[in-house]
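Q: Hi! I'm new to this one, could you walk me through it?
A: Happy to, let's take a look together.

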Amino acid sequence: QVQLVESGGGLVQAGGSLRLSCATSGRTFNTYAWFRQAPGKEREFVAAASRTGGITVYTDSVKGRFTISRDNAKNTVYLQMNSLKPEDTAVYYCAATPFSYSAYSLMIRAPSRYDYWGQGTQVTVSS
């Protein structure tokens, strides 16, 4: 059974940091991603990484503040979030797919391209 289980969300003041974790099991994935969804908004791409580590992609609003990484030995993907802003408040979802995508492909940013999803973890940034 394939599972993606997120952890690490919480309440933090603006300027603070959080690290999200996503433990995966059940199969091997080639691309991992983090998405987020704020109330009343569509699910938004945040970051993606290839299993080999050769590809990392970020949405512009988090570049320089967020870092996606993975530990293949632990089958875990991380999202280190620094310099958090109130507009980062959302439910954060981990996603994964067995397919590989180019860093320049729009597909790596599309929720529909990810077959497996975690349950989500709430991140709230207070001003």
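**Strands, sheet and a loop residue**

A: Let's start with a pair: S7 and strand S8 (residues 76-81) pair in the antiparallel sense over 6 bridges. Two strands pair if DSSP finds at least two bridges between them. This is a predicted model, where local features need pLDDT of at least 70 and side-chain atom pairs count only at pLDDT 80 or more, while totals for chains, interfaces and linings use all residues. Residues are numbered from 1 along each chain as its sequence is written, and side-chain values use heavy atoms, with hydrogens and water left out.

Q: What order do the strands of the open sheet come in?
A: The order is S1-S3-S8-S7, 4 strands with antiparallel pairing. Strand S1 (3-7) and S7 are the edge strands, each pairing on one side only. On average, neighbouring strands of this sheet are turned by 15° against each other, direction ignored. The axes behind that angle are lines fitted to C-alpha atoms (for helices over the stretch in contact), and angles run from 0 to 180 degrees between N-to-C directions.

Q: How many helices and strands are in the chain?
A: The chain has 0 helices and 11 strands. Both are DSSP runs numbered from the N terminus: helices are H or I with at least four residues, strands are E with at least two.

Q: New topic: where does Arg-65 lie?
A: Arg-65 is in the loop between strand S6 (56-58) and strand S7 (66-71).

Q: Is Arg-65 buried or exposed?
A: Arg-65 is buried, because its relative accessible area is 10%. Buried means under 20%, exposed over 50%, and partly exposed in between (1.4 Å probe, protein chains only).

Q: What is Arg-65 in contact with, leaving aside its neighbours within four places in sequence?
A: Its partners include Gln-80, Met-81, Asn-82 and Asp-88; contact means heavy atoms within 4.5 Å. Arg-65 and Gln-80 are 15 residues apart in sequence and 8.2 Å apart in space, C-alpha to C-alpha.

Q: Zooming out, what does the C-alpha trace of the chain span?
A: Along its principal axes, about 40 × 30 × 25 Å. Buried residues make up 43% of the 127 residues in the chain.
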